[in-house]
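Here is a short briefing to read alongside the sequence and the model.

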Amino acid sequence: MTKIANKKLKVGNVPNLRFPDFNGEWEFKNGNQIFDNISNKNHNSDLPILAITQEFGAIPRNLIDYKISVTDKSVEGYKVVEKGDFIISLRSFQGGIEYSEYKGICSPAYIILRSKAQIIDKFFKFYLKTPAYIISLNKNLEGIRDGKMISYKYFSEIHLPLPHIEEQNKISNFFNLIEARIQTQNKIIEGLKSRKIIVLKQIFDQTLKFKNDEGNSYPDWTRKTLGDISERVVSKNKEDNKNVLTISAQHGLISQLEYFNKSVSAKDVTGYYLLKRDDFAYNKSYSAGYPMGAIKRLIRYDKGVVSTLYICFRFNELVSKTFMEQYFEAGLQNIEIEKIAQEGARNHGLLNIGISDFFNISLILPSFSEQKKIADFLSVLDNSISNEITYLQKLEEQKKFFLRNLFV
């Protein structure tokens with residue numbers, strides 16, 4: 001296992017943590033002493049067009065959901081990016097400078113940096129994303145944030161570390177290992193989520209059947225309307241609850257203060273609907289992954305309030321709330337909602353759906369005991385996914401820690 005020692009000295013340019021086989025202070029040079037500004041437009045437009053992103057770095061547009069189209073004529077003026085180049089993007093002051101793992105072309109608006117000193121590219125891939133470097137980018141930046149690019153001249157004035165090539169290599173290899181583990185963890189999570197999607201389809205197609213505790217089959221599923229098994233929640237916020245909720249795809253019903261890091265409690269929310277734990281709310285806004293709007297259950301708080309634009313309801317004792325949560329997450333209600341949504345009648349991003357029509361949508365449901373068995377089964381899968389996500393978050397925090405401490 002790689003050892004890292006705390007080698008911080010009370011002298012200048014030494015990282016807080018360091019591999020034990022290195023000592024001495026780091027050398028620093030100006031950006032233009034290490035990188036050249038490259039503007040090579042010598043290509044036949046046959047290279048992939050790169051999107052410059054904070055999440056993926058420079059990446060071919062066809063590998064991500066990138067919708068912007070360009071003309072053949074405009075591509076002629078694009079710059080060539082070689083593998084190992086760096087790109088100053090419009091938002092570099094927010095997230096550092098991007099690295100390219102691909103050869104391609106990009107808009108001439110971008111500044112392409114190519115090393116002219118003996119360096120390990122991956123060392124700078126990680127260094128140029130450190131909090132310390134991003135702080136350096138933001139010094140004396142008045143006026144640049146409003147749609148302006150960081151210039152090569154400005155980049156050149158910032159000092160960059162240039163430790164011994166072997167130390168650069170050691171640090172970059174260490175971060176490569178962390179990133180590889182993060183990528184593996186992401187694949188584990190995506191694999192579990194894909195498995196759940198398959199299982200959900202099998203359950204609700206009734207190709208995957210459950211037996212009761214005696215080993216016998218459950219009765220056939222029956223059709224009910226939403227109004228048969230729930231009642232609408234229309235209680236207003238007379239107690240002036242300030243926990244204003246919003247619907248998030250990942251977090252469900254969540255406080256706006258927690259989700260957006262801002263409070264709307266200064267507004268008058270006494271007219272909002274008051275929800276209690278285990279109540280459900282339907283947001284008629286269509287969004288990615290929720291073409292017919294999202295239905296979410298309140299499980300994070302005892303109470304909260306939502307806009308009267310939401311349709312809120314509470315299930316009776318005929319159904320398992322956990323089962324219904326899974327039912328809605330599988331999107332089985334979408335076909336029925338689509339039938340009642342008026343074609344083309346979308347106002348400010350909201351589906352035009354009447355209250356009575358919504359509660360008349362038809363659902364096909366198993367018996368209560370089978371609902372509980374299905375809910376328990378799916379909860380095991382959800383717990384596995386949640387545990388793996390927690391571990392991923394720890395890996396990402398570990399990476400952030402070393403980004404702060406393995407560089408000067």
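Predicted model: local features only at pLDDT ≥ 70, side-chain atom pairs only at ≥ 80, totals over all residues.

**The β5–β6 pair**

- Strand β5 covers residues 50–53 and strand β6 covers residues 57–60, and four bridges pair them in the antiparallel sense.

- Strand β8, residues 86–88, is joined to β9 by two bridges, and the two strands run antiparallel.
- Within this pairing, Y99 in β9 is the residue that stands opposite F86.

**The sheet with β14, β21, β18 and β19**

- A second stop is the open four-stranded sheet ordered β14-β21-β18-β19, where the pairing is again antiparallel.
- At its edges are β14 (230–232) and β19 (294–297), and each of them pairs on one side only.
- From one strand to the next, the twist averages 30 degrees.
- Helix α10, made of residues 321–329, packs on this sheet and touches β18, β19 and β21.
- The direction of helix α10 makes about 155 degrees with that of β19.
- Strands β18 (residues 280–283) and β21 (residues 311–315) run antiparallel and are joined by three bridges.
- A281 has C312 as its bridge partner in β21.

**Aromatic rings**

- Across the structure there are 33 aromatic pairs.
- What kind of pair do F35 and F124 make? Their ring centres are 5.5 Å apart and their planes stand at 90 degrees, so this is an edge-to-face pair, as an angle over 60 degrees counts as edge-to-face.
- The pair links distant parts of the chain, since F35 belongs to strand β4 and F124 to helix α4 (residues 121–127), 89 residues apart.
- F35 and F124 are both buried.
- A charged group also meets a ring: the charged end of K170 sits over the ring of F19, 5.7 Å from the ring centre.

**Cysteines**

- How many disulfides does a search of the whole structure find? The search gives zero.
- C106 has a relative accessible area of 0%, so C106 is buried, the cut-off being under 20%.
- C312 also has a relative accessibility of 0% and therefore counts as buried.

- R232 is placed in strand β14.
- With 35% relative accessibility, R232 counts as partly exposed.
- Leaving aside residues up to four places away in sequence, R232 touches Y273, C312, F313, I355 and F359.
- The C-alpha atom of R232 is separated by 48 Å from that of P60, and the two residues are 172 apart along the chain.

**Loop residues to look at**

- D240, in the loop between β14 and β15 (245–248), has a phi near 55 degrees, a positive value in a residue other than glycine.
- D240 is partly exposed, at 31% relative accessibility.
- D278 is not a glycine, yet has a positive phi of about 80 degrees.
- The loop between β17 (273–276) and β18 holds D278, which is partly exposed with a relative accessible area of 22%.
- Look for N13 in the loop between β1 (5–6) and β2 (17–18).
- N13 counts as partly exposed, at 30% relative accessibility.
- From C-alpha to C-alpha, N13 and E25 are 5.2 Å apart in space, and they are twelve residues apart in sequence.
- Not counting residues up to four places away in sequence, N13 touches E25, W26, F28 and V408.

Methods
Residues numbered from 1 in each chain as written. Heavy atoms only, no water. Pairing = 2+ DSSP bridges. Phe/Tyr/Trp six-rings, centres within 6.5 Å; stacked < 30°, edge-to-face > 60°. Buried < 20%, exposed > 50% of the residue type's maximum accessible area, 1.4 Å probe, protein only. Lys NZ or Arg CZ within 6 Å of the ring centre and 35° of its normal. Disulfide = S-S within 2.5 Å. Axes fitted to C-alpha atoms, helices over the stretch in contact; angles between N-to-C directions. Contact = heavy atoms within 4.5 Å.
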